[in-house]
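Visitor: I have a chain on my screen and want a quick tour. Can we start with how the pieces are named?

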Amino acid sequence: MAINYKKTAEEIIRVVNKDNIISATFCATRLRLIVKNRESIKDSDVQKIEGVKGVFFNSDQYQIILGTGVVNKVYAEVINLGVTGAAKQNTEETKKVGEKNNFRKFIRIFADVFVPIMPAMIATGLF
């Protein structure tokens, strides 16, 4: 059964509320929405939409898992329905603005430093 991309986009906008969406972007499998108020979104309602495989909130983005080959078509329909698209640069700026407390900033810096060297540390430990 083929997914109706326009209907899926319309349902996402209706459930999330168009006025609540600041901008949208996507990656390989997820539609990423920058939203004003995360608490106003009912995850269970979003998960009932055709084509949605899951949702979560991370890095100040409401992420809707749609899958490869589907997400780009749903994103195009979301943009056609009047939601502002975000360039990667704008998304990065929004994430930085969203870091409101020092603990989150510390964790982000810690992760940026140690995540790239973890494979070398693990390999060294195995030897």
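Guide: Helices here are DSSP runs of H or I with at least four residues, and strands are E runs of at least two; both are numbered from the N terminus. By that naming, phenylalanine 103 lies in helix α5. One caution before going on: this is a predicted model.

Visitor: How many helices and strands does the chain have?

Guide: There are 6 helices and 4 strands. Along the sequence they run α-β-β-α-β-β-α-α-α-α.

Visitor: Back to phenylalanine 103. Buried or exposed?

Guide: Exposed. Phenylalanine 103 has a relative accessible area of 59%, and exposed means over 50%.

Visitor: Which residues make the nonpolar surface patch?

Guide: Phe103 is one of them.

Visitor: Which helices supply the patch?

Guide: α5 (102–114) and α6 (118–126) each supply at least two residues. α5 gives the most, with 7 residues.

Visitor: What share of the residues counts as buried?

Guide: 32% of the 127 residues.

Visitor: Switch to α1. What span should the helix have, and what do its end C-alpha atoms give?

Guide: α1 covers residues 5–16, which is 12 residues. The expected span is 1.5 Å times one less than the number of residues, so α1 should span 16 Å. Its end C-alpha atoms are 16 Å apart, which agrees.

Visitor: What happens at the start of α1?

Guide: A side-chain oxygen of asparagine 4 comes to within 3.3 Å of the backbone nitrogen of lysine 6.

Visitor: What follows α1?

Guide: Asparagine 17, with a positive phi near 85°.

Visitor: Which residues of α1 are buried?

Guide: Thr8, Ala9, Ile12, Ile13, Val15 and Val16.

Visitor: What covers them?

Guide: The cover includes strands β1 (21–26), β2 (30–35) and β4 (61–65). Helices α2 (43–47) and α3 (71–80) are also among the covering elements.

Visitor: Take threonine 8. Why does it count as buried?

Guide: Because its relative accessibility is 2%, and buried means under 20%. The side chain of threonine 8 reaches the backbone oxygen of glutamate 50 at 3.2 Å.

Visitor: What else is threonine 8 in contact with?

Guide: Leaving out neighbours within four places in sequence, threonine 8 contacts Ile3, Ile49, Glu50 and Val74.

Visitor: And lysine 7, where is it found?

Guide: Also in helix α1. Lysine 7 counts as partly exposed, at 46% relative accessibility.

Visitor: How far apart are lysine 7 and glutamate 77?

Guide: In sequence, 70 residues. In space, 8.8 Å from C-alpha to C-alpha.

Visitor: What share of the contacts comes from residues 24 or more positions apart?

Guide: 62%, counting contacts with a separation of 6 or more.

Visitor: New topic. How many salt bridges does a search of the whole structure find?

Guide: The search finds 2. One joins glutamate 11 and arginine 14, at 2.8 Å from N to O. Arginine 38 and aspartate 43 meet in a salt bridge too, again at 2.8 Å, N to O.

Visitor: Where do glutamate 11 and arginine 14 lie?

Guide: Both are in helix α1, 3 residues apart, about one turn. An α-helix has 3.6 residues a turn, so residues three or four places apart point the same way. Side chains of opposite charge can pair when their charged atoms come close.

Visitor: Is arginine 14 buried or exposed?

Guide: Exposed, with a relative accessible area of 55%. Glutamate 11 is partly exposed, at 25%. In the arginine 38 bridge, aspartate 43 is partly exposed at 27%.

Visitor: Last one. Where is asparagine 20 found?

Guide: In the loop between α1 and β1. At 5% relative accessibility, asparagine 20 counts as buried.

Visitor: What does asparagine 20 touch?

Guide: Ile34, Val35, Lys36, Asn37, Ser40 and Ile41, leaving aside residues up to four places away in sequence.

Technical notes:
Residues are numbered from 1 along each chain as its sequence is written. This is a predicted model: local features need pLDDT of at least 70, side-chain atom pairs count only at pLDDT 80 or more; totals for chains, interfaces and linings use all residues. Side-chain values use heavy atoms; hydrogens and water are left out. Patches are made of residues with over 30% relative accessible area and no salt bridge: like charges are joined within 9 Å, nonpolar side chains (Val, Leu, Ile, Met, Phe, Trp, Tyr) within 5 Å. Accessible areas come from the Shrake-Rupley method with a 1.4 Å probe; for residues, only the protein chains shown count as cover. A salt bridge is a side-chain nitrogen of Lys or Arg within 4 Å of a carboxyl oxygen of Asp or Glu. Buried means under 20% relative accessible area, exposed over 50%, partly exposed in between (1.4 Å probe, protein chains only). Contact means heavy atoms within 4.5 Å. A polar contact is a pair of N or O atoms within 3.5 Å; within protein, one must be able to donate a hydrogen and the other to accept it, and residues adjacent in sequence count only if both atoms are side-chain atoms.
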